[in-house]
Amino acid sequence: MTTIRARSIVVLVVLLGLLAVAGAPSATAATPSGSLWFDGTPLTVQNGRFVDGQGREVVLRGYNVSGETKLEENAGLPFASVADARKSATALRALGGGNAVRLLLSWAHAEPVRGQVDTAYLAAVTAQAQAFLDAGIRVLPDFHQDLYSRHLFNQGSWYTGDGAPGWAVALGGYPAESCGICLFWGQNITQNAAVQKGQYDFWHDNYGLQDAFLATAQTTMAYLAQHLTSDEFDGVVGFDPYNEPYAGSYDSGQTSRTWEQNLLWPFYQKFRARMDAAGWSAKPALVEPNLFWNANISTQKQEGGLLDTGGLGSRYVFNTHFYDQKAISGILMWGNASDGQYSTDFGTVRDRASAAGTAAVVSEFGHPLSGTTAGKAPTVDKAMYQALDSRLPGSAWWSAPASSGPVLSGTQWQWDVYSGRHHELMNGNAAKVLTSGDAWNDEDLSAVRTDDSGTVALRQDARLLDRVYPSATSGSTLAFTYEDRSRDGSTTLTWNPVPGSLPNVAALVGSGQYAVQVWRSGSAGAPTELHLPASFPTASTTVVSDLGTVHAPPAYTSSTPVGVADEPGGTGSRRLLLGDSDSGVLHFALVTNGAASPGSALLTAARSELAAWVAAKF
């Protein structure tokens, strides 16, 4: 997460209240178009990984949808309409390569009056979630908050927040908000007394705030479970109870670690019980530690990471954020990010999840796309994706691939189709209409915008965003890397060149993009899947694997060991499917778009090189 630009804690977003929800459960609907027999099963957590109903290891990649929820212009909804949600979902799949979204919800709009849930809001949220589920995109709902609440701020304030409803703020009688001398909005988290006191009251359940939130959360989850079809509900991964939690202030003798142990973790256990009561017992809670636990500025870092839970296990997922505050500061990191920049930071996430006995997800990461440090974005974001793919820098990957570690799931901040076209009255002030960027505290991180023709268009390099990744592995991934060849201006960034010791592989890849996966097969009958970016049209794709070597792979069939098929949802996105019928066997696959028409001799030689490399390294 961020410390300088953190979206910190607080009573988050929510939906419904403890009221009983009317309406019978919906009948089962058809699965998304393009689905195959093994698609669409719910995910669980097993052996520290997300696993589908076929026993395959699943990696989730996508975006936060979206910061629009933090604004008032669309009444706390991610979209102005279901049509906009569908357009966004199609583009996210086809342009951004995502198979998951973190869907932001608002407590203030779910429970505008204490004890009274706005079912119209919940119905709108459900319909917008369905737009993504119908496109074959898994959904992770998130009760979002930043700076506790918009209602702490007034029309003359320099900043704003989101999360808790107005009635919750009115109970506290908080002082007039003031951050003092603040260069970044996130400084309000620890310097604004009104924000601090609001957060403190929530975590201590003063005025019954936490109980009210939990009741609304349960009602929200029950509503979603009842109003989504069974197939749609299978696509809901779990629930993120609270965005970027922070104590506000610590009691005498209390530390960040004991606060997690004695206040944050008990809250998550209560939320877990509410999930069970709402029909979500088979889905994990995606729980976030103290937002400063992994800050990369030493003066901001606080001990944490849910160290004293006794293990999270399969009913929880270790869910964290990461922003490079040094890079964002413009002072503490000169120049750009480079190969392996965040290997240690993301390695810490892997290690913490492993120690807790669960899977990990980095549910926010990214970098500003305008402002004084925007020039760092191409390298910062590339380095973050690299660190999601492997815990090794590119310079070490080929020599020590067995240390690559698990491939991390992650959702970039953010995917806002209204970027630069907002009409937000900041804190209700008609004289302060925000239109640019994210229209929230001077942020600008959306990977997309809508152009003048009404078409969703990328604001970042497609090579960076639309990536090869192992979306489902029949067994366990032992190593993975992807060289995206993304650009920083006119410069091609190549951080993981094929080594000279593999001359035929290097010749096959050339200057193209490539991915390598090594895995040990499991007992699943379903194939291993890798997402194919739009830059990998079938006619330009080459696969070199022990399962088969082919240029321009054919359409997938159950008897085709290497084939291509559409991804579910009818968006035009595609996947590579690799079938095996064994268990416990080492497999490898190289996927590249670097060769226009490789000869059989080159393909055979490249396969031999890779087979020898795998035998030596694993």
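Start by selecting Phe271: leaving aside neighbours within four places in sequence, Phe271 is in contact with Phe143, Phe213, Leu214, Ala217, Met221, Phe239 and Pro241 (contact means heavy atoms within 4.5 Å). Before you go on, note that this is a predicted model, where local features need pLDDT of at least 70, side-chain atom pairs count only at pLDDT 80 or more, and totals for chains, interfaces and linings use all residues. Residues are numbered from 1 along each chain as its sequence is written, and side-chain values use heavy atoms, with hydrogens and water left out.

A nonpolar core here is a set of buried Ala, Val, Leu, Ile, Met, Phe, Trp, Tyr and Cys residues joined through side-chain atoms within 4.5 Å; buried means under 20% relative accessible area, with a 1.4 Å probe and protein chains only.

Next stop, helix α1, residues 82–94 (helices are DSSP runs of H or I, at least four residues, and strands are runs of E, at least two, numbered from the N terminus). Colour Ala85, Ser88, Ala89, Ala91, Leu92 and Arg93, the buried residues of α1. Their cover includes β4 (61–65), β5, α3 (119–134) and β14 (456–458).

Finish at Ser106, in the loop between β5 (100–105) and α2 (107–110). Ser106 counts as buried because its relative accessibility is 7%. Its side chain reaches the backbone nitrogen of Ala108 at 3.4 Å, and a polar atom of that Ser106 side chain lies 3.3 Å from the backbone nitrogen of His109.

How values were computed
Buried means under 20% relative accessible area, exposed over 50%, partly exposed in between (1.4 Å probe, protein chains only). A polar contact is a pair of N or O atoms within 3.5 Å; within protein, one must be able to donate a hydrogen and the other to accept it, and residues adjacent in sequence count only if both atoms are side-chain atoms. The expected span of a helix is 1.5 Å times one less than its number of residues.
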